[in-house]
Amino acid sequence: SKVSTAGPPHHIKHQVGQLTTLHQVSAAIARTLDLQLILHTVLQLLITNLGFTRMFVTLRHHEQDTAYVAHIAGVEPDIEEAAYRLDVPIRNDGGLQADLLIHGKPLLVPSLAAVADRMNPPVLELARLTGVTSFVAVPLQSQNQVLGYLAGDRGSQPCTAEDLHLLMTIAGHVAAAIDNARAYSHLETFTQYLEQRIAERTQELSTANERLQAHDRRR
């Protein structure tokens with residue numbers, strides 16, 4: 001019988017690509033606690049391996065009801081610069097930001113025009129300038145808190161439910177990485193504070209001891 005030399009079916013190759021990407025994302029996250037490096041690596045993997053055109057991560061400010069773009073990939077420098085200047089209010093107003101950042105609801109948006117009235121105006125303007133027509137966005141949740149969201153699009157191609165499910169899987173890894181990176185950052189800051197206080201206290205004790213010795217010599 002004749003042996004087929006055809007390659008594996010497209011859907012199998014696609015699934016292998018997804019699994020490979022998940023493995024690489026996990027490995028990248030495990031290698032470092034540098035949050036910006038983690039986000040850069042993850043977004044580049046999603047673009048390179050899975051064909052997303054643009055990706056970005058939005059995070060909540062710690063003590064403010066606003067969100068900011070923490071990292072963006074696949075856009076022109078002027079769009080990138082404008083994105084990093086955004087400071088988007090988080091309000092329970094029925095908008096897409098509220099769905100993602102307050103209610104933790106993943107979104108598959110087949111048409112940008114259909115949700116334009118539910119988007120923050122500066123965000124909508126940037127999406128239009130970039131050429132976004134369809135996108136997916138998933139909340140980044142850790143310990144029952146929404147830290148932000150991960151979003152992406154495929155240029156002129158519509159996003160699918162498969163894209164949404166894939167990003168939801170990735171989001172769990174990214175949210176845990178953000179938590180770990182922040183915890184490490186807080187630990188570093190606290191350690192530096194302790195070291196500073198120890199140095200100050202040591203200096204205070206040294207000064208006090210010198211004064212005491214000088215006093216004893218004068219007696």
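1. N120 is buried, with a relative accessible area of 17%; it counts as buried because the value is under 20%. The residue sits in the loop between β4 (107–109) and α5 (121–130). Setting aside neighbours within four places in sequence, the contacts of N120 are with V88 and P89.

2. The model is predicted, so its confidence should be read alongside its coordinates. The chain has a mean pLDDT of 83, and 79% of its residues reach 70 or more.

3. Residues 1–7 call for caution. Their pLDDT stays under 50, and the model gives them zero contacts beyond four places in sequence. Where pLDDT is low, the predicted coordinates should not be read in detail.

4. How many cavities of 30 Å³ or more does the structure hold? There is one. The volume of the largest cavity is about 460 Å³. The largest cavity is lined by 30 residues, and the closest to its centre are F56, M119, V123, A127 and Y149.

5. Several elements contribute to the lining of the largest cavity. At least two residues each come from the strands β1 (54–60), β2 (66–73), β5 (135–142) and β6 (145–153), and from the helices α3 (77–85), α4 (96–101) and α5.

6. What is the make-up of the lining of the largest cavity: how many residues are nonpolar, polar and charged? The lining has 23 nonpolar residues, five polar and two charged.

Conventions. Residues are numbered from 1 along each chain as its sequence is written. This is a predicted model: local features need pLDDT of at least 70, side-chain atom pairs count only at pLDDT 80 or more; totals for chains, interfaces and linings use all residues. Side-chain values use heavy atoms; hydrogens and water are left out. Helices (H or I, at least four residues) and strands (E, at least two) are DSSP runs, numbered from the N terminus. Buried means under 20% relative accessible area, exposed over 50%, partly exposed in between (1.4 Å probe, protein chains only). Contact means heavy atoms within 4.5 Å. pLDDT is the predictor's confidence in each residue, from 0 to 100. On a 1 Å grid over the protein atoms alone, a cavity is a set of points where a 1.4 Å probe fits but cannot get out, and a pocket is an open set with protein on both sides within 12 Å along at least five of seven lines; lining residues have an atom within 4 Å of a point. Grid points are joined across faces, edges and corners, and a volume is the space filled by probe spheres set on the points. Ala, Val, Leu, Ile, Met, Phe, Trp, Tyr, Cys and Pro count as nonpolar, Asp, Glu, Lys and Arg as charged, and the others, Gly among them, as polar.
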